Amino acid sequence: MNSRKLLSEARRTFPATKVHCQQPARILIVDVTSPSQTNACSVLSEALENTLCLACALTGTCRVPLLSLYVVQNQQECLLPFTQVKENFARIQACISELRSLPREGCFPQRGHGVVQAVQDGLQQFKQYSRHTAAGSSTNSSVEITILTSQSSKEMVKQLEKKLKEIDLVSLRRIQVIEVLKRDFLEPEDAEQCMPAEEPSSNDVAILGMDIDVQTIEDNVISLEMLFKTWLHDYGTEREHLHLLLPSGGFSRATAPRTTLMCLKCDLQERLLDPALLSGTADGTMRAVDLNSPCQMAAWPATVLYKLQVVKALKSEGVCESVLYGLPFIIKPTTCWQLDWDELEINQHSFHALCHSLLKRKWMLLAKREPQNTSPNWNVMVHSYYIIIPSDSATLLVKAVAIRELLLPSTFPALLAEQPERVHGPIESALNSLEVEVAYNPLHLKSNLYKYLKSMLYKPLQRQQAQPRDQRPERHQPKQHQSRAKATVAPLLMAPSPAQVFRPPAVRRDSCERSLLPKEYDEFLQ
């Protein structure tokens with residue numbers, strides 16, 4: 001708790017700046033010194049290539065703006081200096097192919113500090129890159145480092161703590177140390193249990209005002225793919241995404257002032273990618289989410305503060321799924337760093353209390369979205385409505401619900417109590433032949449989307465021919481925190497910028513929107 005407070009105070013001394021892109025640049029360090037990881041690079045390469053083809057195909061601002069790739073063998077080597085991911089899939093794919101070929105060339109003895117040297121070299125490379133882009137219209141001001149290793153994560157953290165004490169870590173947002181375990185017998189249904197946590201785990205280590213996130217995952221494509229897909233989430237924490245407004249429980253329904261509201265400050269997170277945002281997957285046209293539309297919300301990019309005012313509670317069994325539409329979004333307590341730690345804690349406990357009370361009562365909430373658009377194009381305010389669904393986790397699900405203007409007439413004929421045996425028997429026989437699963441697992445289904453996107457994105461590199469590693473000239477190895485990226489960084493100066501990692505003093509909140517305390521829920525929900 002003390003480290004969190006120190007970090008909070010440090011962030012307060014730096015004013016936030018408005019940036020074009022809040023996603024951090026990324027450095028991936030792959031440790032292949034362990035002789036047990038004979039197939040690790042092949043599995044890792046497939047997972048990384050799958051994720052990056054999604055990042056390149058999604059319309060709008062790239063969710064992985066910059067990427068650098070290191071491999072640690074007998075010494076660290078920079079396979080890919082900082083490169084803008086979008087429009088460079090062919091170059092990235094060539095580097096991934098080089099990474100995939102490493103196991104066939106043998107394993108390397110562990111020398112202990114190769115990963116630490118790669119971290120130092122990557123930070124130095126990012127510092128040089130930032131200097132070259134400082135004069136541009138946008139600058140990447142933070143970077144995250146992901147280390148994949150089969151070594152003990154505890155030993156790796158000790159090495160990082162010891163070696164990074166004298167390094168400038170101002171631009172470093174977080175280090176992830178991922179310990180990869182070998183499990184040849186892992187089945188797809190087991191992989192979901194081994195997915196990396198999207199929130200910092202209990203194994204987080206805070207040193208030097210920066211977080212080290214320690215995780216353990218299985219050595220298979222699905223688990224590694226889900227790890228890399230966390231890069232596609234919105235990492236902007238400058239402001240909360242959603243205000244969930246509830247009437248005060250301290251008044252009766254008849255006398256409660258309309259302006260007296262309880263406010264839960266929340267973030268929106270995508271549950272799945274919108275297929276319509278993948279260029280070329282439908283009719284070849286591309287569209288972006290209209291943030292001013294009165295009938296839809298968007299978790300990416302998180303540039304709009306939505307306000308949902310709860311108007312009614314609904315029995316869960318009384319909501320027909322045919323009137324729900326659009327992509328679902330997950331609602332979580334906000335992690336906005338402009339809020340005080342105490343306010344964040346109270347807000348989180350209040351959110352958990354709401355989830356628990358709704359689940360206990362088997363209720364859903366009907367909420368009305370306050371319109372965002374005040375331009376002359378909308379002379380009449382159009383309201384959209386949403387259903388908020390609880391779960392047995394500390395999250396809520398929100399989906400748009402049909403309104404009178406959108407609803408079409410439908411007839412639902414009554415189901416016959418008995419059917420003729422000549423048709424009932426064959427139907428029963430067909431159903432009995434089906435394999436029955438307890439729950440639906442999307443990890444079991446593949447649509448060849450990755451293959452399609454890779455073929456669409458692939459553009460052969462000009463004047464570059466793949467060569468076996470034994471025929472290529474010796475690559476310059478970084479010495480004293482220098483890499484060959486230092487010589488090649490100048491031609492690659494195209495960098496969207498992530499969020500500023502430091503926090504200003506907390507902003508004043510509207511007095512009519514206060515945090516909802518747990519004891520007030522029963523008064524409201526009764």
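This is a predicted model: local features need pLDDT of at least 70, side-chain atom pairs count only at pLDDT 80 or more; totals for chains, interfaces and linings use all residues.

Student: What share of the contacts with a separation of 6 or more comes from residues 24 or more positions apart?

Tutor: Such residues account for 81% of those contacts in the chain.

Student: How are two packed helices described?

Tutor: Two packed helices are described by the angle between their axes and by the distance between those axes. In this model, helix 2 (residues 40-57) and helix 3 (residues 89-100) pack at an angle of about 170°, with their axes 9 Å apart. Angles over 145 degrees count as roughly antiparallel, and therefore helix 2 is roughly antiparallel to helix 3.

Student: Which residues of helix 2 and helix 3 meet?

Tutor: On the side of helix 2 they include Cys-41, Leu-44, Leu-48, Leu-52 and Cys-56, while those of helix 3 include Phe-89, Ile-92, Ile-96 and Arg-100. By class, the residues of this contact divide into ten nonpolar, three polar and three charged.

Student: At what angle do helix 2 and helix 7 pack?

Tutor: Helix 2 and helix 7 (residues 221-229) pack at an angle of about 40°, and their axes are 8 Å apart. That angle makes helix 2 oblique to helix 7, and helix 2 passes helix 7 in a right-handed crossing. Among the residues that meet are Val-43, Ala-47 and Leu-54 in helix 2, together with Val-221, Leu-224 and Phe-228 in helix 7. Sorted by class, the contact of helix 2 with helix 7 has eight nonpolar, two polar and three charged residues.

Student: Is the crossing of helix 2 and helix 10 left-handed or right-handed?

Tutor: Helix 2 passes helix 10 in a left-handed crossing. Helix 2 and helix 10 (residues 449-457) pack at an angle of about 60°, with their axes 9 Å apart, and the two helices are therefore oblique to each other. In helix 2, the residues that take part include Glu-49, Asn-50, Cys-53 and Ala-57, and in helix 10 they include Tyr-450, Leu-453, Lys-454 and Leu-457. This contact of helix 2 with helix 10 has eight nonpolar, one polar and two charged residues.

How values were computed
Residues are numbered from 1 along each chain as its sequence is written. Side-chain values use heavy atoms; hydrogens and water are left out. Axes are lines fitted to C-alpha atoms, for helices over the stretch in contact, and angles run from 0 to 180 degrees between N-to-C directions. Helices (H or I, at least four residues) and strands (E, at least two) are DSSP runs, numbered from the N terminus. Angles under 35 degrees count as roughly parallel, over 145 as roughly antiparallel, 65 to 115 as roughly perpendicular and the rest as oblique. A crossing is left-handed if the near helix is turned anticlockwise from the far one by less than a right angle, and right-handed if clockwise. Contact means heavy atoms within 4.5 Å. Ala, Val, Leu, Ile, Met, Phe, Trp, Tyr, Cys and Pro count as nonpolar, Asp, Glu, Lys and Arg as charged, and the others, Gly among them, as polar.
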